[in-house]
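Please look over the following notes with the model open beside you. They go through how the parts meet, one point at a time.

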Number of protein chains: 2
Amino acid sequence: MKAVHNYIAENKDRFLEELFDLLRIPSISAQSEHKPDMVRCAEWLAAALVKAGADSAEVMPTDGNPVVYAEKIIDPKAKTVLVYGHYDVMPVDPRAEWNTEPFEPVIKNGRIWGRGADDDKGQLFMHAKAFEAMCATDTLPCNVKFMLEGEEEIGSPSLYKFCEENKKMLKADIILVSDTSMISLNTPSITCGLRGLTYMEVEVTGPNKDLHSGLFGGAVANPANVLTRLVSSLVDENGRVTIPGFYDDVRELTPAERKAFNKAPFCLRNYKKALDIGDVEGEAGYTTIERTGVRPSLDVNGIWGGYIEEGTKTVIPSKAYAKISMRLVPNQDYKKIGKLFEKHFKAIAPKSVKVNVKFLHGGAPYVAPTDMPAYKAAEKAIVDTFGKKPLPFYSGGSIPIISGFERILGIKSLLIGFGLSEDAIHSPNESYGLEQFDKGVNTIPLFYKYFAESK
Amino acid sequence: MKAVHNYIAENKDRFLEELFDLLRIPSISAQSEHKPDMVRCAEWLAAALVKAGADSAEVMPTDGNPVVYAEKIIDPKAKTVLVYGHYDVMPVDPRAEWNTEPFEPVIKNGRIWGRGADDDKGQLFMHAKAFEAMCATDTLPCNVKFMLEGEEEIGSPSLYKFCEENKKMLKADIILVSDTSMISLNTPSITCGLRGLTYMEVEVTGPNKDLHSGLFGGAVANPANVLTRLVSSLVDENGRVTIPGFYDDVRELTPAERKAFNKAPFCLRNYKKALDIGDVEGEAGYTTIERTGVRPSLDVNGIWGGYIEEGTKTVIPSKAYAKISMRLVPNQDYKKIGKLFEKHFKAIAPKSVKVNVKFLHGGAPYVAPTDMPAYKAAEKAIVDTFGKKPLPFYSGGSIPIISGFERILGIKSLLIGFGLSEDAIHSPNESYGLEQFDKGVNTIPLFYKYFAESK
């Protein structure tokens, strides 16, 4: 293991230079103008994995963005690790709030700044480089397969079919994923729970054209006003989602589970200070950790309608829209929730407007058992590099495909993420600490070692 | 008068060609990029008025867009008509919904299509051409002054000061304005009431940066969700504005007034059909005509926050915004209403967010007496061209400066507009009927004649 860690230390600067090349590709999956960047990014990664030591690497087409698949088989009888990551990134708006160019990474204050620095290019690249270090030092103890997709941020629409069609190729003992965060560098953690997601878009149509708000105001339903009424009614004054049936399948924690759950370190004062908010807000009767970890939620991710530029326009818009997503917990079914949402939204719309409801994407919640060999191996590896036993952590985030892997491939995922909340993923000024990268790339080979040794 | 009408008939095609030149100038006052177009438009108009017969015409600077002032004094003892109009136009968004280029006017189905075709370039140009016809045929019976501003659509911020500073120059017996509509060509009308306006913008700030809606969703107040809550609460289930004190100064109509008011022809079925809406919506206990004519209202003119582009982004936005305007009726004070709005909006905001409230612009309601000589002269002129006595009409719209004229200059305005609701002013596909233009330009010289003859 010393040889591996030395190799990493000696090649650290080159690793970062390579990562910067990867970060410069604006692979935004949500925006179709970036289609060519997606292909370019996939090709870049395939080449990088071959250089790192893979037997082969392919850019495999799908109905959407391609999947990069690479493998190195050292022994058909050895354990196999399937590394999953995604090379697509979030859009960069609001662009004006970035302090640096989102796709021109820079190092400042010990951190790499740029879109994807953490999520997920920075994290997946640790796996590529840990793999390279093990190959170069001839210490790779497992077969390794890489599956890197370009559609995670839009709900992995093509990867389900890809898994269905390539079950044999993807056969593995564990799926290794770094696309999550730790509580902090002082409180390392392994994510053992993810929320599910149902992402909807609603369109409210009032009059068949934009109207003068003076000539018609007060007599015609304004779809922007109606939208605020409908959307605000989706959450009640206790922070509970009002969609009938929404909580039917939610697994409630036992008092003992809640007690254990709330043992994770959390300081409400610091939390409010970091976000600069006067108060938190959420479902009555639950703590902040519970609200994001084990309770479902409903958020407006975008809302728009009417005149939204400089100055004023006295208009009643013809249409108003909102993008609304719900985070789900075991045992909520994301498709069922989408149907309940649609039914409810249509039911509450007044006769004065028409509504259109679209399901955009979704995924099931996921729970990783803490007694599986991969979890134990990760625990040991983290103890070695962090000097502390990691806590099991329930993240509020969603990686919809993770539950898909279990359903389609029958393989559990180990979520060993090295992100931190300060990385500001999905936000302007995303960053990834050099220490996080370093800790990650050194921890991964230890995981392989302990996992290979486990029974 | 026959000579005038013949002149108009003979020069009709040229009048339209000239109007088209005027419509081609994209003089959008709300968007600062169009500053040079405003000046160009003002210069074009000054030149046009001199050509039409004015003794002089000036482009007079203000703190904002310039005012075009022109005059022709035939006799210091004769009556003086001050023609007011505005050469600025509304923005053109949503651009995609236009069937033709907004600033490349075309004639189709007997109508002129383009931004400003009615509001107010088409209407003010009728006055320029009626003036030309009277000059050319030596039949002008009054002194004429033109005051054409470039900021009406943004609340005439500079014209108040302009009037204060030029009281003597602007001295007149009546202000003549064509910036309103008639009920229909079969039911001509003269606008004798305008609603006032208070236009606000609100900003709701939650966390200090955009957040990942998975990691924080359910625990942090989402300003877009909060905005829908706050905005929807501004109007109750009876369609009444909930701002304390909002109705305090509203003049309630007597039962007799209400009865008279509702005699104006109105067909709810056609109204709903024309707008393609399943139902109307407004203040309980009032008819649609009352809701727009004599009752105040509150409309969201624009709302935005979060991710509003293609696809999905799982974000809790840091900020969300709305532009909200209220139409006011006698005797509501638009500044007082702005203050009540701000106080109320701040009071209802929860501790979990910060709110910022801005007053964008406003104006007082206006009532024109139906017994003044100018009203009687207009009534006669319309009888001559339409063959029917016009009805007095309370428009729901606002021309804030009209009440300003009365306050500053001590002059009443006569609102003789030739627009129709189908002109779709402020909307995509604005148009103005050739018949409306023709009726207007022929009616105006008759007004001058009867007004000159009145005592």
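Which residue in β11(B) is the bridge partner of Gly302(A)? The points below begin with that pairing.

1. The bridge partner of Gly302(A) in β11(B) is Gly306(B). This is a predicted model, in which local features need pLDDT of at least 70 and side-chain atom pairs count only at pLDDT 80 or more, while totals for chains, interfaces and linings use all residues. Residues are numbered from 1 along each chain as its sequence is written, and chains are lettered from A, with ligands numbered from 1, in the order in which they are written.

2. β11(A) and strand β11 (residues 297–306) of chain B pair in the antiparallel sense over five bridges, where pairing requires that DSSP finds at least two bridges between the strands. Strands are DSSP runs (E, at least two residues) and helices likewise (H or I, at least four), numbered from the N terminus.

3. Between the chains, 85 residues of chain A are in contact with 85 residues of chain B, contact meaning that the C-beta atoms, placed from the backbone, lie within 7 Å. On the side of chain A that touches chain B, β11(A) gives the largest share, with nine residues.

4. Within chain A, the domain assignment, which is automatic or taken from a database, gives domain 1 (2–194 + 365–453) and domain 2 (196–250 + 296–363). The C-alpha centres of these two domains lie 35 Å apart, and their contact takes 11 residues from domain 1 and 11 residues from domain 2. Helix α12 (residues 400–409) of chain A gives the most to the domain 1 side of this contact, with four residues.

How values were computed. Two residues are in contact if their C-beta atoms, placed from the backbone, lie within 7 Å.
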